[in-house]
Amino acid sequence: MLSALERQIFDFLGFQWAPILGNFLHIIVVILGLFGTIQYRPRYIVVYTVWTALWVTWNVFIICFYLEVGGLSKDTDLMTFNISVHRSWWREHGPGCVRRVLPPSAHGMMDDYTYVSVTGCIVDFQYLEVIHSAIQILLSLVGFVYACYVISIFMEEEDTCRNK
């Protein structure tokens, strides 16, 4: 959950509305799964396991989006629902990046982000986004296995209580 919160913060900084919505839902479902584990509610844990499969799918999509796999382009406004021209926060603020604001051209718009020059990045922003998604996938897979284990324990206890 801490990893999702960290990701949520950076998505808010970059005005990435699609990931913000996904992260918010993920945080809610993780809390629901934790509640289900503490309160012995297997249905809540099943909801968590189904969500985990969707979450892994979403993160695979993000990886494909930033690596431009299958006709996807990281330069589109897809992650902002075509509302704004914002991009990943890491694009201008990654490790080692030097950000310079260049004067806009005469025919350019003042709101356009093309007049920001970024140089010297140790790691390109798309790889940072891919790393974030890969970490989310690994944590989700661990959570999925743990949730399946907890569900099996709960069902086993329920069966032994019925047999008595």
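Contact is taken here to mean heavy atoms within 4.5 Å. The structure is a predicted model, in which local features need pLDDT of at least 70 and side-chain atom pairs count only at pLDDT 80 or more, while totals for chains, interfaces and linings use all residues. Residues are numbered from 1 along each chain as its sequence is written, and side-chain values use heavy atoms, with hydrogens and water left out.

The secondary structure of the protein consists of five helices and two strands; helices (H or I, at least four residues) and strands (E, at least two) are DSSP runs, numbered from the N terminus. Read from the N terminus, the elements follow the order α-α-α-α-β-β-α. The protein has 164 residues, of which 35% count as buried. Buried means under 20% relative accessible area, exposed means over 50%, and partly exposed lies in between (1.4 Å probe, protein chains only). Accessible areas come from the Shrake-Rupley method with a 1.4 Å probe, and for residues only the protein chains shown count as cover. Of the contacts between residues at least 6 apart in sequence, 61% join residues at least 24 apart.

An unreviewed UniProt entry carries the annotation "transmembrane region" for residues 20-38, 45-69 and 134-155. UniProt positions are given in the numbering used here, feature names are shortened, and annotations may be inferred rather than shown by experiment. In the model, residues 20-38 are 100% helix and 0% strand, with 27 Å between the end C-alpha atoms. Residues 45-69 are 88% helix and 0% strand, and the end C-alpha atoms of this span lie 33 Å apart.

Helix α2 comprises residues 17-38 and includes Leu25. Together with Phe24 and Ile28, Leu25 forms a nonpolar patch on the surface, and the three residues have about 280 Å² of accessible area together. Patches are made of residues with over 30% relative accessible area and no salt bridge, with like charges joined within 9 Å and nonpolar side chains (Val, Leu, Ile, Met, Phe, Trp, Tyr) within 5 Å. A salt bridge is a side-chain nitrogen of Lys or Arg within 4 Å of a carboxyl oxygen of Asp or Glu. Leu25 counts as partly exposed because its relative accessible area is 41%.

Tyr40 lies in the loop between α2 and α3, the latter being residues 42-66. The phi angle of Tyr40 is near 55°, a positive value in a residue other than glycine. With a relative accessible area of 57%, Tyr40 is exposed. Glu68, in the loop between α3 and α4 (90-93), also has a phi near 55°, again positive in a residue other than glycine. Glu68 is partly exposed at 35% relative accessible area. The loop between α3 and α4 also holds Ser73, which is partly exposed at 24% relative accessibility. Leaving aside neighbours within four places in sequence, Ser73 is in contact with Phe65 and Glu68.

Seven aromatic pairs are found in the whole structure. In one of them, the ring centres of Phe65 and Tyr66 are 5.0 Å apart and the planes stand at 85°, so the pair is edge-to-face. Rings of Phe, Tyr and Trp (its six-membered ring) pair if their centres lie within 6.5 Å; planes under 30 degrees apart count as stacked, over 60 as edge-to-face and the rest as tilted. Phe65 is buried, with 2% relative accessible area, and Tyr66 is buried at 4%.

Phe125 is located in helix α5 and is buried, with a relative accessible area of 9%. The C-alpha atoms of Phe125 and Glu92 are separated by 8.0 Å, although the two residues are 33 residues apart along the chain. Helix α5, residues 125-163, also contains Ser140, and Ser133 is placed in helix α5 too. Ser133 is buried at 0% relative accessible area; not counting residues up to four places away in sequence, Ser133 touches Arg7, Asn59, Ile62 and Ile63. Ser140 is buried at 3% relative accessible area. Apart from neighbours within four places in sequence, Ser140 is in contact with His26, Thr52, Trp55 and Val56.
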